[in-house]
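Dear colleague,

Please find below the structure that I am handing over to you. My notes on what was found in it follow.

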Amino acid sequence: MASLELGYVMEHDVNMEDRPELQPAQSWFRRVHWGRGIVLWVAAAYFIIPFYAAMQFSLANDNGQFSLHPLTEIGAQPGFFSALWLSTELAFVTMVIVIVLMVPTMIYVHLRIPRFRRVMEVITILPIVIPPIVLIVGVDGVTPFWLKSSQWLLALIYVVLAMPYVYRSLDAGLGALDLKTLVEAARSLGSGWVSIIVRVLVPNLRSALMSASVLTLALVFGEFTIANLDGWQTIPVWIYDAPTIDPRINTLVAMLALFGTAVVLMIIVAFDRKSHSRRS
Amino acid sequence: MSMDTKSPLVTSTETSPPMRGAPVVLENLTRRFGTTKALDGLTLKIEPGEFVALLGPSGCGKTTALRVLAGFERPDVGRVTVDGKDVVHIPAQKRDMGMVFQSYSLFPNMSARDNVAFGLQLRHQRSGPRRARADELLGLVGLAEHTTKYPHQLSGGQQQRVALARALAIEPRVLLLDEPLSALDAKVRAELRDQIRALQQRLMITTVFVTHDQEEALSMADRVCVMSGGRAEQIATPAELYSRPSTEFVAQFVGISSRVAVERSGDTVGLFGREVKIRGDVPQGTESLDALLRPEDVDVVVAPTGLGIVTHKSFLGATTRLEVGIGGASVKADILSSGADVFELGTRVDLVANARDVLVTASRLAT
């Protein structure tokens, strides 16, 4: 604390006559301000140091110099493209199913049974609370045989896993709209429900839908346990168990997945800010 | 031509085809929400091209009645006929009714033009005529220069005008206005009030307007339906409603009434030393009644030995409202502001009834 106040004392000495005396409240505020900075730096270090270590491990050559050469080797690894394609397919199908399922449901709940939102919140939190191992064992017990060997079973499980994130994104998006009035205005003009959802609500839920999609994408590209137990080699499974891979490549792919998701998230945030400032 | 600098309703008369209103009948409508009866046998007949205001306090059922007419609520009992056809089972999107809402209901993702053209697009009108019609209607409401703006770029009054143009674009059989002015400031509200009325008179479109503001209802409507407890208390022209309220509720709600205990003698009552005829039905079974007085029904004169005392004084512009405490009652009276100087708080005064007849009700003391 002494060092924090030292800066003030020195400045105070120089401009003694010009500056008003520092009040206790101001002093407290300044400390809070510094405190906030420290928290931010600690948090940043928490993320940056492991990221830097992983990058150094995967991109540095034997002499300790950074090189982008390992990036070119990723495509040559066996199974990489099939794992990438499977994860992409699963992500796309999961996104489509969860959005087609959740958008009308959420609109219905918000409009007709708003009291059910609490129940929905509890239901959609269950996939986070229930351990994946329990989920996959349970699902296996009730899945018809023809679906058990299909990769779409994995997509259906991911739909359940994505629900907490999609629910919260859509709930926030719908909460920001005067939903009842918009729907009634559209109906009075002759619009049916499909038209209301497609032409009026979805364009106004764009940010929420994009957030939901990115979170689903991140979930599918990061989920390991269920894919592994169900015997599918998605990207996380490939990173973990491909035996012939140089471990540096594994780490590099994991970093790229993380980096890619972060970039998409930043784009969403920027887009959301832009559309928010346009509306306000 | 700038539509904002000149009354927008003077323009476009030749280009805009006249609309035709449909007769509307609400018959014995009843609607319950749980244990609350929002509508309790409401019956209302509206002539083609008529402007009817549903007026009443919060919870009287006026918005529910409008929503039943729009198709957003279904009545438990009763019929709604438009142009002679029962529409109760027809969904809202097939009723051809334009509606303007209390809250700004424009679609945020569409420009003013696209908002207005939305209903036409649903009716598969081609892009060129659709766009021309939207622009024409925006011109009609004075927004010709704002066609490409988005809702967030428009003021509240402008948004409501776009909403009005959007409702009119589909050439509705009935125009429904659900307190469209209540979110606007006083000046814009007065302007838009005049515009809506002028537009309705020109297009002759059957219009139902919900409001809790008696000034709005009286100044805009051909007839006003005063509602209470889900029923129509009185349906009458604004002038008749004000001068001849049929019930105590209407008298109290429309205009400002004072209540003064009076004694009946035959079909007259004694009011401040004068015999005044009873208006309408005389309550039976009691001689003790209360007279309901408008502020303009009473004259106030300074009298050092008078029985009344000025207890409150409010400057209203051309008139000043006095409240006079007399015989346990508080009576409101309007006087010209030019002669209001002699009335200070505490001044002793006499009241003189100047009304030809007066509405009476059973005395509160008697009940």
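I begin with a helix pair in chain A. Helix α5 (residues 117–129) and helix α8 (residues 151–175) of chain A pack with their axes 7 Å apart and at an angle of about 130°. Axes here are lines fitted to C-alpha atoms, for helices over the stretch in contact, and angles run from 0 to 180 degrees between N-to-C directions. That angle makes α5(A) oblique to α8(A); angles under 35 degrees count as roughly parallel, over 145 as roughly antiparallel, 65 to 115 as roughly perpendicular and the rest as oblique. Helices (H or I, at least four residues) and strands (E, at least two) are DSSP runs numbered from the N terminus.

The crossing of α5(A) past α8(A) is left-handed, a term used if the near helix is turned anticlockwise from the far one by less than a right angle, with right-handed used if clockwise. On α5(A) the contact is made by Met120(A), Thr124(A), Ile125(A), Pro127(A) and Ile128(A), and on α8(A) by Val160(A), Leu161(A), Met163(A), Pro164(A) and Tyr167(A). Contact requires C-beta atoms, placed from the backbone, to lie within 7 Å. By class, this contact has 9 nonpolar, 1 polar and no charged residues. Ala, Val, Leu, Ile, Met, Phe, Trp, Tyr, Cys and Pro count as nonpolar, Asp, Glu, Lys and Arg as charged, and the others, Gly among them, as polar.

The model is predicted: local features need pLDDT of at least 70 and side-chain atom pairs count only at pLDDT 80 or more, while totals for chains, interfaces and linings use all residues. Residues are numbered from 1 along each chain as its sequence is written, and chains are lettered from A and ligands numbered from 1 in the order in which they are written.

Glu223(A) sits in the loop between α11 (206–222) and α12 (225–229) of chain A. Glu223(A) is buried, with 23 other C-beta atoms within 10 Å (buried: 20 or more such atoms within 10 Å; exposed: 12 or fewer; partly exposed: in between).

Between the chains, the contact takes 18 residues from chain A and 20 residues from chain B. On the side of chain A that touches chain B, α9 (179–188), α10 (193–204) and α14 (247–279) each supply at least two residues. The most come from α9(A), with 6 residues. This side of chain A divides into 5 nonpolar, 8 polar and 5 charged residues.

Chain B contains an open antiparallel sheet of 4 strands in the order β2-β1-β4-β5; two strands pair if DSSP finds at least two bridges between them. Its edge strands are β2 (36–46) and β5 (85–86). Helix α1 (residues 62–70) of chain B lies across β1 (24–33), β2 and β4, running at about 115° to β1(B).

Another open sheet in chain B has 5 strands, ordered β15-β19-β16-β17-β18, with antiparallel pairing. β15 (298–302) and β18 (329–336) of chain B are the edge strands. Within this sheet, β15(B) is joined to β19(B) by 5 bridges, and β16(B) pairs with β17 (residues 319–326) of chain B over 6 bridges. The hairpin of β16(B) and β17(B) has 3 residues between the strands, and Gly317(B) takes a positive phi near 105° there.

Yours sincerely

How values were computed. Contact = placed C-beta atoms within 7 Å.
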